[in-house]
Amino acid sequence: MKKRLLAVAIGLGAGLVMAAAYGALLYYGIALRPEWIIGGTASLVFAGAVAVFSLVAMDRPAFRPVRAALVLNEDPAKEFVFYFRAPEMLQITAKPEMAVGEMLVRFGDAFKAPPDKMTKAIALTIRGGVKKPFATITLQQLFALLKPFNLEHVLLMNDKDEFVGYIPGKRALKEFTGDKAMDAIDKYIVKLLMNPQESAILRELGGATAEDTFDETGYAMDAQARIWANEKLTGLILHSKLKPVGYISKLDLLRINAGLLN
């Protein structure tokens, strides 16, 4: 604003000086040739235009430099990734041939203590089998037992240990422990493990499919572009050598990329 006022003041001052000089010449009877007047006016107009363009160039805001693109498995981007395996994460694996007790036996008395004493979050991996499908009642019992605890992730894998889909833990507890738990478990887990090509239904639960994956060594901007290309996505599963390693939400990707400017 100060620059603009200064430019206006300079322009007015220059005009007043020229007007005073012209008046003085007339007062002392000094005649000016017409071509001198025209040439002087043209010079003033040109000088004024140059001054205006110079002011615009100086007043234009400078763009801040952009840092190198962030890789998702490096700091600070990886701080926004929810990893499936971590020291503070309890890993539970469920298979069709296992009873609930067998799924939890390796954790000793961890689930016998009050839920508020459990300091670790839980990642549940449900693996399909080739011999028989899951018994819906077994999974219902498992989720009922896990309900008081901090279940963060549910991973669905086929019998070849290939990723099928992902369900956020809190949403899984809500859907799979209510009045319609049997129907929900049958729809989103049992039948899905038998027909993985139907995994798009997991997006109804805010989950992700085998198509909603992204290499953890990729750039955050590319991951964001991937999400915006499909409005149904709420996040991406990050993988390493085709194995799921973590989840990053749409919101957290926006936060990462919003911080790229210094």
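Colleague: Before we go on, where do the numbers come from?

Modeller: This is a predicted model, where local features need pLDDT of at least 70 and side-chain atom pairs count only at pLDDT 80 or more, while totals for chains, interfaces and linings use all residues. Residues are numbered from 1 along each chain as its sequence is written, and side-chain values use heavy atoms, with hydrogens and water left out.

Colleague: OK, what volume does the second largest pocket have?

Modeller: About 210 Å³. A pocket here is an open set of points on a 1 Å grid over the protein atoms alone, where a 1.4 Å probe fits, with protein on both sides within 12 Å along at least five of seven lines; lining residues have an atom within 4 Å of a point. Grid points are joined across faces, edges and corners, and the volume is the space filled by probe spheres set on the points.

Colleague: And how does the lining split by class?

Modeller: Six nonpolar, two polar and four charged residues. Ala, Val, Leu, Ile, Met, Phe, Trp, Tyr, Cys and Pro count as nonpolar, Asp, Glu, Lys and Arg as charged, and the others, Gly among them, as polar. The lining includes Arg-85, Arg-127, Asp-161 and Lys-243.

Colleague: Is Leu-242 buried or exposed?

Modeller: Exposed, with a relative accessible area of 69%. Lys-241 counts as exposed at 78%. The cut-offs are under 20% for buried, over 50% for exposed and partly exposed in between (1.4 Å probe, protein chains only).

Colleague: New topic: where is the cis peptide bond?

Modeller: Between Asp-75 and Pro-76, with omega about 0°. Pro-76 is in the loop between helix H2 (34-59) and strand E1 (82-83). Leu-72 lies in the loop between H2 and E1 too, and Leu-72 is buried, at 0%.

Colleague: How far is Leu-72 from Glu-216?

Modeller: They are 144 residues apart in sequence and 5.5 Å apart in space, C-alpha to C-alpha.

Colleague: Last one: how do H4 and H6 pack?

Modeller: Helix H4 (residues 136-146) and helix H6 (residues 181-194) pack at about 105°, with axes 9 Å apart. Axes are lines fitted to C-alpha atoms, for helices over the stretch in contact, and angles run from 0 to 180 degrees between N-to-C directions. H4 and H6 are therefore roughly perpendicular, a label for 65 to 115 degrees, with under 35 roughly parallel, over 145 roughly antiparallel and the rest oblique.

Colleague: Which residues of H4 make the contact?

Modeller: Thr-136, Ile-137, Leu-139, Gln-140 and Phe-143, where contact means heavy atoms within 4.5 Å. The residues of the H4 and H6 contact divide into eight nonpolar, two polar and one charged.

Methods. Helix = DSSP H or I, 4+ residues; strand = E, 2+ residues; numbered from the N terminus.
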